[in-house]
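Please keep the sequence and the structure in view while reading.

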Amino acid sequence: MKKYLVIGNPIGHSLSPLIHNHWMKKYRLFGSIYEKRKVEEKDLKNIVKEIRDDEIIGVNVTVPFKKLIIPFLDELHPTAKKTESVNTLFKVKNKVVGYNTDEPGFAQTMWELFPDKDYKILASLKRKNIFVLGAGGVTSSIIYTLEQRGAKVFLSNRTKKKAEELKKKYTEIDVLDWGKRPPVCDVVINTTSIGLTSNERIDIDFNDCNGDKNKLFYDLTYNPKETNFLKEARLRGNNTMNGQKMFLNQAIHAFNLWTNITPKIDDEVVKLLD
Ligand code: ATR
């Protein structure tokens with residue numbers, strides 16, 4: 001039996017088992033199973049040992065362990081190292097390696113949203129002013145993509161210190177007080193967990209934000225499908241998108257690392273998330 005896991009705390013909400021088990025069946029990886037496991041920080045060392053001992057083949061890591069897992073690993077992939085965020089584990093040449101597939105998952109989503117005429121993503125995001133809300137575990141992956149693509153990033157987090165910590169790593173960002181917004185922005189990305197519970201809302205006035213109704217409001221949350229952040233943006237006439245595509249893209253990258261298969265996003269998989 002080839003065992004795969006997603007670990008986190010809480011973990012009940014994770015839709016990763018649905019997706020990966022669907023692909024394992026679709027691509028006839030009989031004898032493979034993907035489960036979720038709620039763990040505590042003290043369990044992380046043992047999870048890595050289980051991979052080293054081939055009891056588990058691959059692991060996805062979610063909140064709040066994406067950074068906490070790092071000291072227990074043998075090696076980090078360069079993107080995981082830069083972002084200090086690991087969401088996928090896999091043993092390569094006897095070493096348990098930490099990967100970050102959130103970053104390519106987000107990069108691919110941005111590429112699909114902003115393809116340049118000649119497919120030069122570097123150029124397509126370069127012209128954008130992007131306002132990022134939050135400075136939690138996944139935010140550094142988002143900023144890494146944006147910075148690499150030459151976007152101008154404005155960052156705001158309730159706890160300003162955490163935004164300033166990120167600025168030390170990504171110098172090309174402007175940190176704003178929570179509640180303020182930049183004078184211009186083409187895309188607003190919510191990386192906070194506000195919205196996971198239905199009645200929370202972000203208290204920032206986006207009315208008349210640059211006077212352009214065509215800007216995109218993007219929420220990393222995909223469950224619920226439409227957070228208050230997205231609903232309010234839609235009612236103002238803005239374009240909106242939730243985090244479903246990024247979630248699927250990061251899962252594709254993880255599945256490919258483990259199995260060498262690049263799964264397709266088909267209707268069935270989208271239905272599983274509905
Ligand atoms: P962590 O910070 O432990 O990595 P996370 O779930 O990845 O946790 O991140 C939660 C993010 O949502 C943080 O940016 C958090 O802001 P703080 O750093 O100030 O805690 C943000 N967040 C969660 N609830 C919020 C709220 N009610 N108002 C504003 N920001 C909130």
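Which residue forms a salt bridge with K169? The partner is E84, and the closest N and O atoms of the two residues are 2.7 Å apart; a salt bridge here is a side-chain nitrogen of Lys or Arg within 4 Å of a carboxyl oxygen of Asp or Glu.

The model is a predicted one, in which local features need pLDDT of at least 70 and side-chain atom pairs count only at pLDDT 80 or more, while totals for chains, interfaces and linings use all residues. Residues are numbered from 1 along each chain as its sequence is written, and side-chain values use heavy atoms, with hydrogens and water left out.

An automatic or database domain assignment gives the bounds by which the protein is divided into domain 1 (2–100) and domain 2 (104–244). In the table, contact means heavy atoms within 4.5 Å, and buried area is the accessible area (1.4 Å probe) that two parts lose on being put together, summed over both.

| Domain 1 and domain 2 | Value |
|---|---|
| Separation of centres, over C-alpha atoms | 27 Å |
| Buried area | about 800 Å² |
| Salt bridges across the interface | 1 salt bridge |

Carbon and sulfur atoms give 50% of that buried area.

Two strands pair if DSSP finds at least two bridges between them; β3 (residues 58–61) and β5 (residues 88–92) run antiparallel and are joined by 3 bridges.

Definitions and conventions. Helix = DSSP H or I, 4+ residues; strand = E, 2+ residues; numbered from the N terminus.
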